[in-house]
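This report describes one protein chain and the two ligands placed in it. Please look over the sequence and the structure before reading on.

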Amino acid sequence: MILVTGGAGFIGSNFVLDWLAQSDEKIVNLDKLTYAGNLQNLSSLSKDTRHIFVQGDIGNTQLVSQILVQYQPRAIINLAAESHVDRSIHGPEDFIQTNIVGTFHLLEAVRAYWDELEFIAKQNFRFLHVSTDEVYGSLTQNEPAFTEEHRYEPNSPYSASKASSDHLVRAYHHTYGLPMLTTNCSNNYGPFQFPEKLIPLMIVNALAGKSLPVYGDGQQIRDWLFVTDHCSAIRRVLEAGIVGETYNIGGWNEKPNIEIVQIICTLLEDSFPGSAFHKFITYVKDRPGHDRRYAINAMKIERELNWKPAETFETGIRKTIQWYLNNQQWIADIQTGAYRKWIEKNYPKLLS
Ligand code: NAD
Ligand code: TYD
């Protein structure tokens with residue numbers, strides 16, 4: 001049994017689905033179901049006894065302790081977080097509460113549980129903390145990509161809160177000996193991503209004939225990784241990562257934002273002959289404190305753990321666009337808020 005936090009979010013739901021497609025080891029999934037949590041993503045598992053869903057906050061030490069005692073997980077994958085930079089600029093408080101205070105409370109519950117484990121279980125236990133490349137700050141055009149040794153220079157409330165959680169995880173290993181693993185991943189894209197992030201927002205807006213807002217000059221660079229490659233990297237780090245180490249995960253896919261938006265427009269135009277999506281591209285006011293470039297050097301995980309991404313950007317973006325085209329009801333349910341009602345209907349016990 002493993003415990004996944006944030007397993008109803010974008011990466012979390014892909015991780016849960018991928019895990020159960022490859023293993024019969026059960027998952028207990030603890031998710032608060034914020035706006036970003038969508039149990040519809042896991043509807044294919046609604047009758048699968050290998051998936052146990054618990055609605056709750058990682059910051060609720062009592063609840064987490066109960067879950068740990070009841071299910072005795074051998075590992076925890078911590079994906080729960082507030083994750084959107086723009087939201088962190090408009091309202092940082094939730095980011096501080098979940099990403100810093102929530103992680104602290106989670107760690108306290110895990111420390112108490114781990115302390116009581118028998119020798120072998122204690123040795124084998126792992127806490128894998130999923131973090132981001134944004135903790136390293138911004139690169140100029142010519143600087144080398146982030147390695148694990150790059151200093152932390154977070155620039156947004158989001159990245160500062162993630163950096164804080166990384167430091168707590170590090171300290172719990174160093175001070176208490178908890179068997180921690182940390183991963184710092186680049187920008188993900190793929191199925192089930194909430195349409196507030198660049199790629200799904202552009203697909204969803206284009207399909208609705210709405211403008212495609214490109215911040216500033218559109219020349220900011222991100223390093224894109226297809227979400228199932230991130231999931232396979234997490235599984236690999238869990239399986240073979242050295243306790244106390246951090247691993248950068250990336251897809252060697254640096255692209256300026258404007259190029260991403262243009263690729264999406266071109267692929268949509270191929271899907272709908274005679275259509276014109278490029279005309280919706282609109283340059284808008286830049287994001288405050290906008291990081292110019294992120295780039296991941298993924299040599300360590302490739303060399304030491306023999307992990308490599310399976311998708312190129314070209315294959316991944318096609319799969320992603322096709323997924324959104326095939327799942328227009330999912331998009332509509334998010335836009336109307338119906339995905340929240342789906343939970344009430346299908347998981348009434350959660351709300352009683
Ligand atoms: P997401 O916003 O889609 O999902 C986050 C999930 O966490 C949601 O289901 C939400 O309900 C849940 N959650 C939020 N607060 C919680 C709390 N207090 N207790 C329990 N659950 C809570 O995010 P995502 O894109 O899936 O990202 C998952 C993790 O990966 C985050 O830690 C994020 O920082 C990290 N990450 C994301 C990316 C990316 O490109 N999306 C890249 C690198 C790292
Ligand atoms: P985003 O998906 O929010 O991820 P992050 O900020 O964590 O990298 O944004 C990716 C890039 O796209 C970032 O440089 C901001 C830019 N962007 C836009 O230009 N327009 C948009 O509407 C959004 C959401 C993002």
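## The shell around ligand 1

At least two residues of the shell around ligand 1 come from each of α1 (10-22), β5 and α6 (157-176). Helices (H or I, at least four residues) and strands (E, at least two) are DSSP runs, numbered from the N terminus. β5 gives the largest share, 3 residues. This is a predicted model, in which local features need pLDDT of at least 70 and side-chain atom pairs pLDDT 80 or more, while totals for chains, interfaces and linings use all residues. Residues are numbered from 1 along each chain as its sequence is written, chains are lettered from A and ligands numbered from 1 in the order in which they are written, and side-chain values use heavy atoms, leaving out hydrogens and water.

In total, 28 residues surround ligand 1 (a heavy atom within 4 Å). Ile11, Asp31, Ser83, Tyr158 and Lys162 are the closest. By class the shell has 12 nonpolar, 12 polar and 4 charged residues; Ala, Val, Leu, Ile, Met, Phe, Trp, Tyr, Cys and Pro count as nonpolar, Asp, Glu, Lys and Arg as charged, and the others, Gly among them, as polar.

## Polar contacts of ligand 1

A polar contact with a ligand is a pair of N or O atoms within 3.5 Å. An N or O atom in the side chain of Asp31 is 2.5 Å from an oxygen atom of ligand 1, and a polar side-chain atom of Ser83 lies 2.7 Å from an oxygen atom of this ligand. The protein buries 97% of the 830 Å² that ligand 1 exposes when taken alone (Shrake-Rupley method, 1.4 Å probe).

## Ligand 2

Around ligand 2 there are 18 residues, with Glu134, Pro213, Arg222, Arg287 and His290 the closest. The shell holds 8 nonpolar, 5 polar and 5 charged residues. An oxygen atom of ligand 2 is 2.5 Å from an N or O atom in the side chain of Glu134. For the side chain of Asn257, the distance from an N or O atom to an oxygen atom of the ligand is 2.9 Å. Alone, ligand 2 exposes 510 Å², of which the protein buries 97%.

## The sheet

Seven strands form an open sheet with parallel pairing, in the order β3-β2-β1-β4-β5-β6-β11. Two strands pair if DSSP finds at least two bridges between them. β3 (51-55) and β11 (246-249) are the edge strands, each pairing on one side only. Within the sheet, β5 (residues 126-132) and β6 (residues 180-185) pair over 6 bridges.

Conventions. Polar contact = N/O pair within 3.5 Å; in protein donor to acceptor, adjacent residues only side chain to side chain.
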